[in-house]
Each structure stands twice: as C-alpha cells, then as structure tokens.
Amino acid sequence: MENKTFGKNYSNKYDLFYENKDYEKECDFLEELFRKYKLDPKSILDLGCGTGGHVLPLARRGYKMAGLDLSEHMLEIAQDKLKSESLEADLRQGNIIEYDFDQKYDSVISMFAVYSYVTQNEDLLSSFKCAKKHLKPGGAFIFDCWNGPAVYKHRPLQRHTKIVREDEEVFRLTNPILDIENHVVETNFEFLYLKNNELVGREKEQHMTRFFFPQGLRQLLNTAGFDQVYFCPFLKTDSKIDDDCWYLTTIAFNSESK
Ligand SMILES: C[S@@+](CC[C@H](N)C(=O)[O-])C[C@H]1O[C@@H](n2cnc3c(N)ncnc32)[C@H](O)[C@@H]1O
C-alpha cells in the first residue's frame with residue numbers, strides 16, 4: 001500500500017468526516033489553558049494545522065495566526081476557507097520535524113494528535129527543539145497526542161464510518177494494528193466512494209500513529225529545553241490524566257523565563 005497520509009481525496013472529505021468536532025469548544029479550551037497558566041498570547045503557530053480547524057476560529061478571535069502542515073491538500077482547503085472569510089494567516093507547507101518560520105510566537109499549538117504522526121524519538125526531539133526555537137521567552141507549547149495507558153486499556157478498534165451528501169456516499173473502514181514494542185498503531189484506512197449507489201472510487205491510506213506515556217514525553221521535552229511540563233486530559237483543564245483519557249494534552253514552557 002502506498003504510504004501516504006491526507007491525500008487529495010481524504011483531505012477533500014476531512015471536514016465532512018469531522019463535521020461534529022467542536023473546534024470552537026477546543027479553542028475555548030486553549031484559551032482556558034492560556035488563562036490557567038497566565039499567558040496572554042497574541043501570535044500563535046499551529047503545527048499540523050490541517051484544514052484550519054483551529055486557525056480560523058482563533059484568527060476570528062483576534063490572534064495573529066501561522067500554520068504548518070505537510071499536506072498541500074489540507075492547506076489548500078484551509079487557504080480557501082480563510083479567503084472566503086477574508087481572514088489572514090501565514091500558512092506554509094512543511095514538516096513539523098524541521099522547519100523555520102524565521103520568527104517567534106507567543107504560543108505554539110498542535111491539536112488533534114498531530115504529534116502522534118511523529119513516531120521516532122529523534123524526530124520528536126528535533127520537532128520539540130524547533131517548537132522551542134519558535135517560542136518567545138515565556139511562551140507555551142501546547143499539544144495533544146494519544147495517551148498510552150488509554151490505548152492499552154481501550155485498544156484501537158475496527159470502525160466503519162459513513163458520510164452521505166446528496167447522491168454521494170463515502171465509507172471509511174478503519175483497521176488498526178497495535179505495535180506494542182514501538183508504541184505505534186498502524187491504522188489502515190480504506191475509502192469507498194459511491195455515487196448514485198455505484199462504486200466510483202476506492203483507495204487506501206496507512207497512518208502510523210504513536211501513543212505516548214507522560215514521563216517519556218516529559219523527558220524528551222526537558223531535553224529539548226522545556227523545563228516545566230504539565231498534563232491534562234483533552235478539554236479538561238483541571239482534571240488529572242488517567243487511563244480513560246485517549247487524548248493527552250501537554251503544556252510545556254520555554255525554560256528561558258517561565
Ligand atoms: C488529524 S489531522 C489534524 C489537523 C488539525 N490540527 C485539526 O485539528 O483538524 C493531522 C494533520 O497533521 C498533519 N501532519 C502529520 N504529520 C505531519 C508532519 N510531520 N508535519 C506537518 N504536518 C503533519 C497532516 O497532514 C494533517 O493535516
């Protein structure tokens with residue numbers, strides 16, 4: 001199978017697959033974290049910004065936004081959405097493992113398990129160092145990822161998702177394989193595209209997604225220069241993480257001044 005992720009067809013359907021994802025609420029959560037950690041960011045860099053799920057609402061709320069994503073197709077959709085609302089953001093194509101915007105931001109965020117796509121320790125360290133390089137002193141790096149204890153407890157499951165739009169239907173079949181040694185889930189997606197009940201297209205994507213354990217993350221972040229590292233469950237700023245929270249949110253501070 002071709003090892004591509006977020007290709008043209010999946011990107012075009014991405015917003016439909018996640019139409020029930022409440023990005024406004026997620027931005028409220030980010031703002032709650034800003035308040036909790038006494039931050040007042042004006043500029044934010046969104047790593048793995050995708051179709052702009054967070055970039056757009058945050059830009060509407062007045063933040064100066066920048067974004068980075070590997071997929072030109074996801075970025076194209078984000079750009080179109082920005083244009084349709086006359087909003088501006090500095091979106092660039094690139095890899096979060098190594099990038100250079102040549103400027104610093106008040107916060108760097110990365111939402112919806114983008115970091116789970118970085119499966120190698122050396123790439124993670126490189127990416128964390130890059131995030132630190134792009135933060136102003138005192139700025140926070142906030143990202144979520146799959147939480148290892150929850151993955152072991154609940155296990156990634158086979159799933160089928162269907163979206164229907166007028167005469168079009170898309171089925172996404174999800175077949176995950178757990179690799180315990182490497183802390184990775186190999187998720188094989190198969191997409192079936194139907195028009196007027198006729199199969200008009202079929203394709204596969206393989207997503208390798210890593211799950212993380214808090215102390216492993218803390219160690220890598222410390223090595224990258226983030227002295228203070230905190231965790232909370234996704235969308236719950238005041239709760240402790242446990243083995244029921246699939247998404248682990250990490251808040252790390254730039255060691256220079258926090
Ligand atoms: C699950 S989507 C999340 C998109 C967006 N953050 C959201 O919340 O909707 C993961 C995104 O990460 C991007 N991505 C994965 N690995 C990446 C990498 N190494 N560098 C940059 N972007 C990456 C993908 O192209 C995709 O847009």
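Which residue in S7 is the bridge partner of Thr-161?

Modeller: In S7, Thr-161 has Arg-172 as its bridge partner. Before we go on, this is a predicted model, where local features need pLDDT of at least 70 and side-chain atom pairs count only at pLDDT 80 or more, while totals for chains, interfaces and linings use all residues. Residues are numbered from 1 along each chain as its sequence is written, and side-chain values use heavy atoms, leaving out hydrogens and water.

Now, the strands around that pair. Strand S6 covers residues 159–165 and strand S7 covers residues 168–179, and they pair in the antiparallel sense over seven bridges. Two strands count as paired if DSSP finds at least two bridges between them. Strands (E, at least two residues) and helices (H or I, at least four) are DSSP runs, numbered from the N terminus. The hairpin of S6 and S7 has two residues between the strands, and Glu-166 takes a positive phi near 50° there.

Follow the chain onward and S7 pairs again, this time with strand S8 (residues 184–195), antiparallel over 12 bridges. Here Asn-175 has Asn-188 in S8 as its bridge partner. Four residues sit between the strands in the hairpin of S7 and S8, where His-183 has a positive phi near 55°. As background, side chains in a regular strand alternate between the two faces of the sheet.

So where do these strands belong? The chain is divided into domain 1 (8–147 + 213–254) and domain 2 (151–209), with bounds from an automatic or database domain assignment. The C-alpha centres of the two domains lie 24 Å apart. Contact, meaning heavy atoms within 4.5 Å, involves 16 residues of domain 1 and 23 residues of domain 2. About 1,900 Å² is buried between them, with carbon and sulfur atoms giving 66% of it; buried area is the accessible area (1.4 Å probe) that two parts lose on being put together, summed over both. On the domain 1 side, Tyr-10, Phe-17 and Trp-246 lose the most area to domain 2, together 32% of what that side buries.

Lys-13 forms a salt bridge with Glu-168, with the closest N and O atoms 3.8 Å apart; the rule asks for a side-chain nitrogen of Lys or Arg within 4 Å of a carboxyl oxygen of Asp or Glu. Four salt bridges are found between domain 1 and domain 2. Helix H1 (8–17) and strand S5 (135–147) each supply at least two residues of the domain 1 side that touches domain 2, and H1 gives the most, with five residues. Searching the whole structure turns up 17 salt bridges. The pair of Lys-13 in helix H1 and Glu-168 in strand S7 links distant parts of the chain, 155 residues apart.
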